[in-house]
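Please keep the sequence and the three-dimensional view at hand while working through the points.

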Amino acid sequence: MESAAFSGGNRMGTIVDMHVHTIRGASDSSLTPDQLIGEARRIGLTGVNITEHDRAWDDHEWESFRQRAGIFLSRGMEVSTDLGHIIVVGLTRYVPGIRRAKELRRVVDEVGGFMIAAHPFRHFFDPVYYRRDGRRPVELTPQEAARLPIFELVDEIEVANGGCTPQENAFALMVARILGKKGIGASDCHSTNGLGCFVTVFEEELESQEHMLSLLRAGKYYPAGGLNVGKLRPFEEMVAHLLPG
């Protein structure tokens, strides 16, 4: 499968890292905005969806940064909810009450936004993670996992996350297939390390966040990986050995 981002030697579409944190809104990030843009240009990343934790950049600082970035930028947010972390595109400010996933859905619908379940199966195959809290490890088939409440509310699933294991990501892709979703790729980076390891390739050159939203709704994208090492390819190829035949 040839990347939609490269055809006949000419760059087409937009390659977007959909989940990135900077020091402007993530206390656990060491990534400055200038470092983000410098590294993005170096590896050939043509778009970034900045997703700070439970906040978005204010209008003035965002517009100033967007104008000098030289690549496509989307102002997103990673919201910590009662059903897990959810990436939102189209919501440009934090709204009280959106830590409840159902309320977040209502607010996002009001602004015409898009919701993505972030790293939904992180630690899913790590029994030690659960036993630390005295819980039993979760044992679900992909079919059972697809019925989890969070998937009734979100529009998409992050199937390729740079902070997850190949097994966790492959499981997320299986669930996405069951739900009829294409899946999103993103690094979830907090430094230049790993930026672009997973990305989402949009079929058109993005002109605005509304344009991004229209392509997300239309399913005109696919998850990919390897951009940061010069080997961009569809994510499904990367985990084919972990998927059922």
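**Briefing on the predicted model**

Helix 7 (residues 166-179) lies across strand 8 (156-161) and strand 10 (198-202), and its direction makes an angle of about 155° with strand 8. The structure under discussion is a predicted model. The points below treat the sheet, the helices, and several individual residues in turn.

**The sheet**

- Strands of a sheet pair through backbone hydrogen bonds, either parallel or antiparallel.
- The model contains an open sheet of 10 strands with mixed pairing, and the strand order is 9-8-7-6-5-4-3-10-11-12.
- Which strands stand at the edges? They are strand 9 (184-186) and strand 12 (233-234). Each has a single partner strand, so one side of each is left without a neighbour in the sheet.

**Strand 5 and its partners**

- Strand 5 (residues 72-81) and strand 6 (residues 84-89) run antiparallel and are joined by 6 bridges. Within this pair, Gly76 is placed opposite Val89 in strand 6.
- Strand 4 pairs with strand 5 in the parallel sense, over 7 bridges. His53 stands opposite Glu78 in strand 5.
- In a regular strand the side chains alternate between the two faces of the sheet.
- In strand 5, Phe72, Ser74, Gly76, Glu78 and Ser80 point one way, while Leu73, Arg75, Met77, Val79 and Thr81 point the other way. All of these residues are buried.
- Because 10 of the 10 residues of strand 5 are buried, this strand is largely enclosed by the rest of the structure.
- Helix 2 lies across strand 4 (47-53) and strand 5, and runs at about 140° to strand 5.

**Helix 1 and helix 2**

- Two packed helices are described by the angle between their axes and the distance between the axes.
- The axes of helix 1 (residues 33-43) and helix 2 (residues 59-69) come within 11 Å and cross at roughly 25°. Angles under 35 degrees count as roughly parallel, so helix 1 is roughly parallel to helix 2.
- The crossing of these two helices is right-handed.
- Which residues of helix 1 and helix 2 meet? Pro33, Asp34, Ile37 and Arg41 in helix 1 meet Phe65, Arg68 and Ala69 in helix 2. By class, this contact has 4 nonpolar residues, 3 charged residues and no polar ones.

- An α-helix has 3.6 residues a turn, so residues three or four places apart point the same way.
- The buried residues in helix 3 include Ala101, Glu103, Leu104, Arg105, Val107 and Val108. Among the elements that cover the buried residues of helix 3 are strand 5, strand 6, strand 7 (114-117) and helix 6 (150-153).
- Glu103 is placed in helix 3 (residues 101-111). Is Glu103 buried or exposed? Its relative accessible area is 19%; buried means under 20%, so Glu103 counts as buried.
- Leaving aside neighbours within four places in sequence, Glu103 is in contact with Gly97 and Ile98.
- Gly112 follows helix 3 and has a positive phi, near 70°.
- In helix 8 (residues 209-218), the buried residues include Gln209, His211, Met212, Leu213, Leu215 and Leu216. Just after helix 8, Gly219 takes a positive phi of about 70°.

- Most residues other than glycine have a negative phi, and most peptide bonds are trans.
- Asp54 is a residue other than glycine with a positive phi, near 55°. Asp54 is located in the loop between strand 4 and helix 2, and is buried with a relative accessible area of 17%.
- Asp188 is not a glycine, yet has a positive phi of about 60°. Asp188 lies in the loop between strand 9 and strand 10, and counts as buried at 9% relative accessibility.

**Gly225 and its surroundings**

- Gly225 belongs to strand 11 (residues 221-225) and counts as buried, with 0% relative accessibility.
- Leaving aside neighbours within four places in sequence, Gly225 is in contact with Cys197, Phe198, Lys231, Leu232, Arg233, Phe235 and Met238.
- How many residues apart in sequence are Gly225 and Val89? They are 136 residues apart in sequence and 21 Å apart in space, C-alpha to C-alpha.

Terms used. Residues are numbered from 1 along each chain as its sequence is written. This is a predicted model: local features need pLDDT of at least 70, side-chain atom pairs count only at pLDDT 80 or more; totals for chains, interfaces and linings use all residues. Side-chain values use heavy atoms; hydrogens and water are left out. Axes are lines fitted to C-alpha atoms, for helices over the stretch in contact, and angles run from 0 to 180 degrees between N-to-C directions. Helices (H or I, at least four residues) and strands (E, at least two) are DSSP runs, numbered from the N terminus. Angles under 35 degrees count as roughly parallel, over 145 as roughly antiparallel, 65 to 115 as roughly perpendicular and the rest as oblique. A crossing is left-handed if the near helix is turned anticlockwise from the far one by less than a right angle, and right-handed if clockwise. Contact means heavy atoms within 4.5 Å. Ala, Val, Leu, Ile, Met, Phe, Trp, Tyr, Cys and Pro count as nonpolar, Asp, Glu, Lys and Arg as charged, and the others, Gly among them, as polar. Two strands pair if DSSP finds at least two bridges between them. Buried means under 20% relative accessible area, exposed over 50%, partly exposed in between (1.4 Å probe, protein chains only).
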